[in-house]
Amino acid sequence: MDVVEFVECSIGRWRSQRSGHNLAFSHFEEVRSTIDIVSLPKTAPEVIELCKSSEVDIAQAVSPFQMSWQGESDWDNDEVIEGSCVLVPIPDLDNLKKGKLLRSQGYAETIAAVGEYQITEDGTFVLHTEYDRAAAEEKIWFGTPNLRFRVSLIKTSDGNGVLTASFSSEIRSLSMEEKS
């Protein structure tokens, strides 16, 4: 699997259940959410702007997409967790299995971020992103075409300590036509 295939497999609506552990505060959180992943054309203004702000030639981009989410946490029943970000893979020359991932909004900090990705032999997408005050490591893999798993770690900026750890299982929502 390469990054183009990975993005194609990820397109759709996903129901997610995430268990998160904040190790710094000894806190456990359960989040249920809906995640929508849609393809974007390279000509979309938000894709062009993200490439420009990251000083990347748009011609290097492959399979841009937008991810939107809305969910609820058991930690604060009144708060709805929602957001959206644009993601643009920039593979290494001649290798779609590793490269950079531009994000309009990061995972550990809500600012634009550039991470390094690789796809392992078993098809696991591994993303490392360095931020000012932390580093994120995320692994995503498919159990079946309609079931995927995600593990995320937020580490101290020096990489020696883990601040949060989470595990998500995500099930693709199928339309009635797809179920038959």
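## His21 in strand β1

His21 counts as partly exposed, at a relative accessibility of 38%. This value, like the others in this report, was computed from a predicted model. The residue belongs to strand β1, which covers residues 12-22.

With neighbours within four places in sequence set aside, His21 is in contact with His27, Phe28, Leu163, Thr164 and Ala165. A further relation concerns Leu153: the C-alpha atoms of His21 and Leu153 are 9.6 Å apart in space, while the two residues are 132 residues apart in sequence.

## Aromatic pairs

Six aromatic pairs are present in the structure. One of them is formed by Phe6 and Phe142, whose ring centres are 5.7 Å apart; the planes stand at 65 degrees, and the pair is therefore edge-to-face, the class for angles over 60 degrees. Phe6 lies in helix α1 (residues 3-10) and Phe142 in strand β8 (residues 134-144), so this pair ties together parts that are 136 residues apart in sequence. Phe6 is buried, because its relative accessible area of 6% falls under the 20% limit.

The rings of Tyr117 and Phe125 adopt another arrangement: their centres are 5.5 Å apart and their planes are at 15 degrees, so the pair is stacked.

Taken together, ring pairs join Phe6, Trp14, Tyr117, Phe125 and Phe142 into a cluster.

## Arg148 and the face of Trp14

Trp14, a member of this cluster, also has a charged neighbour: Arg148 lies over the face of Trp14, at 5.1 Å from the ring centre. Arg148 is part of strand β9, residues 147-156. With a relative accessibility of 3%, Arg148 counts as buried, since the limit for this class is 20%.

Two polar contacts of the Arg148 side chain may be listed.

- The side chain of Ser10 is joined to that of Arg148 by a polar contact of 3.0 Å.
- The side chain of Glu170 makes a polar contact of 2.5 Å with the side chain of Arg148.

Residues up to four places away in sequence not being counted, Arg148 touches Phe6, Ser10, Trp14, Ile37, Ile140, Trp141, Phe142, Gly143, Ser168, Ser169 and Glu170. Among these are Phe6 and Phe142, the partners of the edge-to-face pair.

Methods
Residues are numbered from 1 along each chain as its sequence is written. This is a predicted model: local features need pLDDT of at least 70, side-chain atom pairs count only at pLDDT 80 or more; totals for chains, interfaces and linings use all residues. Side-chain values use heavy atoms; hydrogens and water are left out. Rings of Phe, Tyr and Trp (its six-membered ring) pair if their centres lie within 6.5 Å; planes under 30 degrees apart count as stacked, over 60 as edge-to-face and the rest as tilted. Helices (H or I, at least four residues) and strands (E, at least two) are DSSP runs, numbered from the N terminus. Buried means under 20% relative accessible area, exposed over 50%, partly exposed in between (1.4 Å probe, protein chains only). A charge sits over a ring if NZ of Lys or CZ of Arg is within 6 Å of the ring centre and within 35 degrees of the ring normal. A polar contact is a pair of N or O atoms within 3.5 Å; within protein, one must be able to donate a hydrogen and the other to accept it, and residues adjacent in sequence count only if both atoms are side-chain atoms. Contact means heavy atoms within 4.5 Å.
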